[in-house]
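Please examine the sequence and the model shown below. The paragraphs that follow lead through selected loops and helix contacts.

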Amino acid sequence: MKIFLSSEHHLHHPPFEILDGRSVAYFETPQRISIILTALATADFPPPIAVAPATLADLQTVHTADYLEYLAHAFERWQAAGLAAPVLPSVWPLPGLRMRSDCPQAAAGRYTFDLSAPIMEGTFAAACSAAGAALAGADALLQGERFAYALCRPPGHHAAANMAGGYCFLNNAALAADRLARSQTGGDATWALRAPTVAVLDIDYHHGNGTQSIFYARNDVLTVSLHADPAYEYPYYLGYADERGTGAGEGYNLNVPLPSGIDDRQYLVALDQALQAIADYGPRYLVVSAGFDTFHADPLGGFALTTAAYRSIGVAIAQLGLPTLFVQEGGYAIEALGTNVATLLTGAITYVAG
């Protein structure tokens, strides 16, 4: 299994976030990557490959030009206005409000939907590095690899085409899935008549609202997500079972909201449902948004999965028989994160090895 590393991830290191009305230390820290790398080395995985960051042309396949321009310059404009770092919104343009102001405070609310995606000087460079790792993983599948793992930081599945949120700035999994889909049509950007090519399976504790929104009107990428029910958990406003896609994408989005406290057995039953939907779709490639905040001790989660569950998840995914890219998303139980990642990946490759 080739492992691709977002080597510039350390440039994104905000001092705090606002969580449920409190200023707290940032959970999505650079330490997460070093812990995962140590666990992978201990489990005899090959050394990671550092790759070039994604270019603007790469990013514009999924993200809007105005949003990318904002991310690239948000911090310098914030500082030039005499504002204290990090960049965080204090107002949002909800329905009925006008979006005429271009000052840094207004832009932050326009392009960020919560208070857990603070922007620092190196945030955009780090995000481009993470996106580059995911795209390199997609290219590895196109070159014949059975599995690849993109060790991305910042994560990506909450990032929409024109919004950051939930620790996410660029949607790594969506960029990879889009590249795989375009590879089947010579890069054609229209999808109404495309055949099914790619499925995205999101197993993070939180719903991948950004990934869903990016592909919601497309029928060449099936999006399937198992996550905490948004009736009680972030992101609250997307992730319900009746969200099935729109236009050409109707029927190509599947959400499986799960109750709090779900254990290994219950989760694996739900996973079987998701994997059957993917098998029925018949994709050529699979992208997995691999979050590990489903672990029972995760400070931002509410499920009860044990480390053993991740091996079973890896085996079940491998049983689809698809070239598969695992893209790192959440997971904040630092002591167990590396072991959980290595266990899932080991489950997948061990099944294939027989």
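In which loop is the place of P154? P154 has its place in the loop between β5 (147–151) and α6 (172–183). Helices here are DSSP runs of H or I with at least four residues, strands are DSSP runs of E with at least two, and both are numbered from the N terminus. The model is a predicted one, in which local features need pLDDT of at least 70 and side-chain atom pairs count only at pLDDT 80 or more, whereas totals for chains, interfaces and linings use all residues. Residues are numbered from 1 along each chain as its sequence is written, and side-chain values use heavy atoms, with hydrogens and water left out.

The peptide bond that leads from R153 into P154 is cis, with omega near 5°. A cis bond also joins A85 to P86, again with omega near 5°, and P86 belongs to the loop between α3 and α4. Most residues other than glycine have a negative phi, and most peptide bonds are trans.

Backbone phi angles provide the next topic. D44 is not a glycine, yet its phi is positive, at about 65°. This residue is found in the loop between α1 (31–42) and β4 (49–50). Because its relative accessible area is 71%, D44 is exposed; exposed means over 50%, buried under 20% and partly exposed in between, with a 1.4 Å probe and protein chains only. Y236, likewise a residue other than glycine, has a positive phi near 70° and lies in the loop between β7 and β8 (253–258). With a relative accessibility of 36%, Y236 counts as partly exposed.

Two further loop residues may be considered. R218 is located in the loop between α7 (209–215) and β7 (221–228), and it counts as buried because its relative accessibility is 4%. The side chains of R218 and D220 are joined by a polar contact of 3.0 Å. Such a contact is a pair of N or O atoms within 3.5 Å; within protein, one must be able to donate a hydrogen and the other to accept it, and residues adjacent in sequence count only if both atoms are side-chain atoms. L11 lies in the loop between β1 (2–5) and β2 (17–19) and, at 34% relative accessibility, is partly exposed. Leaving aside residues up to four places away in sequence, L11 touches G122, T123, A125 and A126, where contact means heavy atoms within 4.5 Å.

The helices remain to be described. Helix α3 (residues 65–80) packs against helix α4 (residues 104–111) at an angle of about 140°, with the axes 10 Å apart. Axes are lines fitted to C-alpha atoms, for helices over the stretch in contact, and angles run from 0 to 180 degrees between N-to-C directions. The pair α3 and α4 is therefore oblique: angles under 35 degrees count as roughly parallel, over 145 as roughly antiparallel, 65 to 115 as roughly perpendicular and the rest as oblique. In this contact, D66, Y67, Y70, R77 and W78 of α3 meet P104, Q105, A107, A108 and Y111 of α4.

For helix α8 (residues 264–281) and helix α9 (residues 307–318), the axes come within 11 Å and cross at roughly 15°. The two helices α8 and α9 are therefore roughly parallel. On the α8 side, D264, Y267, L268, L271 and L275 meet A309, S312, I313, A316 and I317 of α9.
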